[in-house]
Structures are given as structure tokens and as C-alpha cells.
Amino acid sequence: MENKISEIYGVSFNIADISSKDKCSMHDWYGVLINKTYDQIDLFDVTRMIIQEMFLELAVPKAIEFIKDNPFCGQRYEGELIELLSKMDLSYFDNYKDDMQKILCKASIENKTYEWLCEEERREFFELINFFQLKLFKK
């Protein structure tokens, strides 16, 4: 059995320690998240982990798994996960450059026939892919 995030990072959290006036949905999510294993992390978790800049050593490889399957995936909008990854420090991708190259090439090809709501979205996604490729592979 895999370790829970709380065990991997040595963190604990008890929602009962938060006063009722200070509680928010982020507290609820965090309490559930740290009791998950890597395999239990879903798209919502990965998105929030990246936005909140927490547990990124787990979030990045999990995000790569998601975009490998569907480069257009996102929690709030299509392409969100690639966009979030493109804004991260390059050091998180040191072990994943080959994977990212394949994923971004696949995304570029699939973007040509993907059913966007409008052509502007297709163009923006293409620009995002190009930006990310240049960032990852600049010499």
C-alpha cells in the first residue's frame, strides 16, 4: 500500500483545530488531500496543488499523467493543466523533458482537429504549446 501524502511529507491537520469562523473549503480539501495516496490524487487535486504551490513533487508527475492521456484537460477550462505547468519553474521538469516533448507534440497535432468553441481558443492553445516548448527546450 502506498503512503498517504501526510506520511510522505510528515504533515498533519485536524479541521477541529480551525475555528468555525475561519473554516473554508480549502481546509476541507486539504484535510482530505493529505489522507490520499498518489494514485488517489485527481484532476481537481492536482490543479489546486499547483495553484497553491503545495506538494509539487507529487503534483507535477501526476499532472503529466493527466495531460499524457488528455492534453486538453483542466478543472476550470480546457488546456488549464498545461497552462499551469507552463508557468512553473523548469526544475520541476528535469526528469520529464522527454515525456513533455512527446505530450506537447501530440497536443499540437490534436489541436488542429480538437472541437474548440471558437478558433480563438485553438490559436491560444497553439501559442501556449509553443511558449511551453520554447521554455522547456531553449538552448
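In helix α6, the buried residues are Met100, Ile103, Leu104, Ala107, Ser108 and Asn111. Buried here means under 20% relative accessible area, while exposed means over 50% and partly exposed lies in between (1.4 Å probe, protein chains only). Seen down the axis of α6, these buried residues fall within an arc of 135 degrees, so they line one face of the helix. The arc is that of the directions from the helix axis to the C-beta atoms. An α-helix has 3.6 residues a turn, so residues three or four places apart point the same way.

Before going on, a word on what you are looking at: this is a predicted model, where local features need pLDDT of at least 70, side-chain atom pairs count only at pLDDT 80 or more, and totals for chains, interfaces and linings use all residues. Residues are numbered from 1 along each chain as its sequence is written, and side-chain values use heavy atoms, with hydrogens and water left out.

**More on α6**

What sits on the other side of α6? The face turned away from the buried side carries the exposed residues Asp98, Lys102 and Ile109. The buried residues, for their part, pack against α4, α5 (80–86) and α7 (119–137). Contact, by the way, means heavy atoms within 4.5 Å. With its 15 residues, α6 reaches 20 Å from its first C-alpha to its last, close to the 21 Å expected at 1.5 Å a residue. That expected span is 1.5 Å times one less than the number of residues.

**How α4 meets α6**

Two packed helices are described by the angle between their axes and the distance between the axes. For helix α4 (residues 56–69) and helix α6 (residues 97–111), the axes come within 9 Å and cross at roughly 35 degrees. Axes are lines fitted to C-alpha atoms, for helices over the stretch in contact, and angles run from 0 to 180 degrees between N-to-C directions. The crossing of α4 past α6 is left-handed, meaning that the near helix is turned anticlockwise from the far one by less than a right angle.

Which residues do the meeting? From α4 come Ile64, Ile67, Lys68 and Asp69, and from α6 come Asp99, Met100, Ile103 and Lys106. Sorted by class, this contact has 4 nonpolar, no polar and 4 charged residues. Ala, Val, Leu, Ile, Met, Phe, Trp, Tyr, Cys and Pro count as nonpolar, Asp, Glu, Lys and Arg as charged, and the others, Gly among them, as polar.

**The whole chain**

Stepping back, the protein chain has 7 helices and 0 strands. Helices (H or I, at least four residues) and strands (E, at least two) are DSSP runs, numbered from the N terminus. The C-alpha trace spans about 50 × 35 × 25 Å along its principal axes. Of the 139 residues in the chain, 40% are buried. Take contacts between residues at least 6 apart in sequence: 59% of them join residues at least 24 apart.

**Some single residues**

Here are a few residues with their relative accessible areas.

| Residue | Relative accessible area | State |
|---|---|---|
| Isoleucine 5 | 0% | buried |
| Aspartate 45 | 2% | buried |
| Lysine 62 | 6% | buried |
| Phenylalanine 55 | 10% | buried |
| Glutamate 53 | 64% | exposed |

Isoleucine 5 belongs to helix α1 (residues 5–9). Leaving aside neighbours within four places in sequence, isoleucine 5 touches several residues, including Leu33, Ile41 and Phe55.

Aspartate 45 is part of helix α3 (residues 43–52). Beyond its neighbours within four places in sequence, aspartate 45 is in contact with Trp29, Leu33, Lys36 and Gln40. Two of those names turn up again in helix α2 (residues 25–33), where His27, Trp29, Tyr30, Gly31 and Leu33 are buried. The cover over the buried residues of α2 includes α1 and α3.

Lysine 62 lies in α4. Setting aside neighbours within four places in sequence, lysine 62 contacts Tyr38, Asp39, Ile41 and Val46.

Phi of glutamate 53 is near 55 degrees, a positive value in a residue other than glycine. Phenylalanine 55 also has a positive phi, of about 55 degrees, and is not a glycine either.
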